[in-house]
Amino acid sequence: MFDSLRSRREAEERVRKEGRLPPGQALTNKFPVLHYGPVPDFNPATWDFRVWGEVEEPVTWSWAEFNKLPRTKVVMDIHCVTRWSKFDTEWEGVSLRTLIDEGLITLKPAARFVIQHAEFGFTTNLPLEVVLQDNFLMATHFNGEPLTPDHGYPLRGVIGYIPGREDLETPYFWKGAKWLRGLEFTSEDRPGFWERAGYHNHADVWKEERTAY
Ligand SMILES: Nc1nc2c(c(=O)[nH]1)N[C@H]1C(S)=C(S)[C@@H](COP(=O)(O)O)O[C@H]1N2
Ligand SMILES: [Mo]
């Protein structure tokens, strides 16, 4: 126990020196679970993924179809607004940027924001340019394994910090919806569940944009 405490401190010191520990955050080796409401069941026969709003053609993909989309891996540091940070987490799934580059989704010029829609009506909002960055992924796998139900199985949005990529905006981890069921492209911003509850709309981890007041 004291060994693990010491190794946690040492690991935290290392990421601090590397400039990877945002202000007010602490390193954890655990993976805390945080969400409002229950964990949904997953039925692959009825699950679908929808893309709508400011797109040329709305799409609906079944679970089988979603699994045939091109896949991407990203390693990043994730930063929860409740002050834990987890480093070098590996995610695998589908990149929105790739779907657009490959013509699987075509945006209308009016598209400026993306609302992630999850089970039970949960939403979170981000500017389009942030969701198109390399640090946003619709993930099915964490550290080589399918997501666990608590962490969003079968699909969740994830956003974090890619070491060295100061060019990318890094919002807090709540801007990734667990149990993701669709993306809505909008011309106007529309604050999501936690954003309406008082969390910061922009949520930059380096600027400590935790709450709106
Ligand atoms: N569907 C859904 N996704 C959600 C939330 C939620 O309440 N519902 N909470 C967010 C918050 S506040 C955080 S900190 C992260 C936590 O993800 P984790 O449980 O995998 O650590 O999920 C985010 N995604
Ligand atoms: Mo959170």
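Predicted model: local features only at pLDDT ≥ 70, side-chain atom pairs only at ≥ 80, totals over all residues.
**Exercise 1. The enclosed space**

Find how many cavities of 30 Å³ or more there are, and describe the lining of the largest cavity by class and by strand.

*Solution*

Step 1. Start with the count. There is 1 cavity of 30 Å³ or more.

Step 2. Take the volume. The largest cavity holds about 30 Å³ of space.

Step 3. List the lining. It is made up of Asn125, Leu126, Pro127, Val130, Glu169, Lys175, Asn201 and His202.

Step 4. Sort these residues by class. The lining of the largest cavity has 3 nonpolar, 3 polar and 2 charged residues.

Step 5. Look for the main contributor. Strand E7, residues 123–127, gives the largest share of this lining, with 3 residues.

**Exercise 2. The ligand site**

Locate ligand 1, describe the residues around ligand 1, and name polar contacts to ligand 1.

*Solution*

Step 1. Ligand 1 sits in the largest pocket.

Step 2. Look at the shell. There are 19 residues around ligand 1, and Pro32, Tyr36, His151, Arg156 and Lys178 come nearest.

Step 3. Sort the shell by class. It divides into 14 nonpolar, 3 polar and 2 charged residues.

Step 4. Check N and O pairs against the cut-off of 3.5 Å. A polar backbone atom of Leu34 is 2.8 Å from an oxygen atom of ligand 1. For Tyr36, a backbone N or O atom also lies 2.8 Å from an oxygen atom of ligand 1. Trp194 uses a polar side-chain atom, 3.2 Å from a nitrogen atom of ligand 1.

Step 5. Finish with the cover. Ligand 1 taken alone exposes 530 Å², and the protein buries 98% of that.

Definitions and conventions
Residues numbered from 1 in each chain as written. Chains lettered and ligands numbered in written order. Heavy atoms only, no water. 1 Å grid on protein atoms, 1.4 Å probe; cavity = no way out; pocket = protein on both sides within 12 Å on 5 of 7 lines; lining within 4 Å. Points joined across faces, edges and corners; volume = space filled by probe spheres on them. Helix = DSSP H or I, 4+ residues; strand = E, 2+ residues; numbered from the N terminus. Nonpolar A, V, L, I, M, F, W, Y, C, P; charged D, E, K, R; others polar. Near = heavy atom within 4 Å. Polar contact = N/O pair within 3.5 Å; in protein donor to acceptor, adjacent residues only side chain to side chain. Areas by Shrake-Rupley, 256 points an atom, 1.4 Å probe, with all protein chains shown as cover. Sits in = over half its atoms within 2 Å of the grid points.
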